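The sequence and structure come first.

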Amino acid sequence: MTSDTKSVSSSASSRRDGTPSEPNGSIVPSSSSGDFMSFFKGILSFTGDLSSLTCPSFLLNGISLLEYGAHWSDYPHVLAEITKATDSAERMKLVARWFVSTLYGSYNKRVAESNTGEKKPFNPILGEQFLASWNDKDFGETKFVCEQVSHHPPVSAIYFENAQAGIYGSGHFSQKSKFKGTTMKVVQEGRVTLRMKNTDEIYCLTLPNLNICSILTGKPFLEMSDTTYIRSSKGYSAEFQWQTKAWFYGEYHKFTGKIFTDAAQTYVPGAEQDVLFALKGKWVADSYAVDQKTGAESVLFDVNAQPSADIVIKPVDQQSEIESRRVWQKVSEALASGNYDVASREKTDIEEKQRALRRERAESSAEWKPSLFTWIDDASDEKAVKDCYAYLFSAKESVGSGSWVFNDSPHHAARKPTPQASGTQTPSDAFSTAQSSVV
């Protein structure tokens, strides 16, 4: 499998300014062009959620969707440095910086490094887990865990923590997709909640929606669309407006935004706000914050300034049977060798076993529960969380009405104890770092 830490090629590096219109290389093998066109015609006429369709193996990238969640920790020092802020305004600026730092890896890095189109990840099986960590010389270890907590609809829950810095976050995400013209529109449902031990201020984030462009040419890539919001429990907010490129002019991957205070209980577009910083730039390259009182401009985040940290993952033979790279090992190996028939058979075998397990649970009326995460409705959560998400829900309903919280997080530990959910792995097991390898 391709390493997440390989250096960017010179051709890919030049693409970080967002000027080229699309990747150079097609993801469709010349021998499969007919199959691709048949598949494309099928999805154009499909009326349901496109995630339920079976994708040809040659369009798969060999990585589980769970691994994408790890990009929330691509730059662990950027996450940890949030705790150095001395006031709410500076802290929100650093939270916005961290959020922007997660975007390149999540939505552009695979295309930039390969200079070919974006392929589709595997749909995680129910209960699948992905565990990782990063080491920073100044801030120590950042740990990450992700679990597929639902299959219909597909929902992935994530948790990341840097104990030395005293910062941690949990969240979940799912996607609903449909075609509009020749572009696939992806609505991301879910949220991320960020907490620190040196302040009682909580930060709540919505997720960006996506456009998958240039599918017909076999060179798909992602643009972000619509608006993303961050809300703090002390009335500070950040807003990001993602600018999609017009047909005949403009640039890809640009955004504008602002950091402001708003004492209202719900978000109201156009309402009076005290804007502290204006935000601008490209989320695949460099972005800036402009102080609205002094006019001073400073770098918010620069993708080119430093590489993302090396991710640490246990070797496949040391992983449990439900960890992503072990679950999909045979499929990934077949894809890497170009043996798409074998990849399809191995993938079908995994899916059939999952269907058999669902039938067994249905016949015995057994309820499956996640091993590592617990669902908490906003109505029963702490007031600060409830108020933040009530504000965000008025701006973006896809944020939902509850959170998947990691059972071993400080937040969950402070709540009334709940019975341990059934499963194959405990939270302590999930954060085991025994004999890992840098990939």
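1. Asp-136 belongs to strand 3 (residues 129-136), strands being DSSP runs (E, at least two residues) numbered from the N terminus. A polar atom of the Asp-136 side chain lies 2.9 Å from the backbone nitrogen of Phe-139.

2. The model is predicted: local features need pLDDT of at least 70 and side-chain atom pairs count only at pLDDT 80 or more, while totals for chains, interfaces and linings use all residues. Residues are numbered from 1 along each chain as its sequence is written, and side-chain values use heavy atoms, with hydrogens and water left out.

3. Lys-282 is located in strand 14 (residues 274-282). Lys-282 counts as buried because its relative accessibility is 12%. Its C-alpha atom is separated by 8.1 Å from that of Tyr-252, 30 residues apart along the chain.

4. Tyr-249 sits in the loop between strand 12 (236-243) and strand 13 (254-261). With a relative accessible area of 61%, Tyr-249 is exposed, the cut-off being over 50%.

5. For the protein as a whole, 53% of the 439 residues are buried. Among contacts (heavy atoms within 4.5 Å) between residues at least 6 apart in sequence, 63% join residues at least 24 apart.

Terms used
Helices (H or I, at least four residues) and strands (E, at least two) are DSSP runs, numbered from the N terminus. Buried means under 20% relative accessible area, exposed over 50%, partly exposed in between (1.4 Å probe, protein chains only). A polar contact is a pair of N or O atoms within 3.5 Å; within protein, one must be able to donate a hydrogen and the other to accept it, and residues adjacent in sequence count only if both atoms are side-chain atoms.
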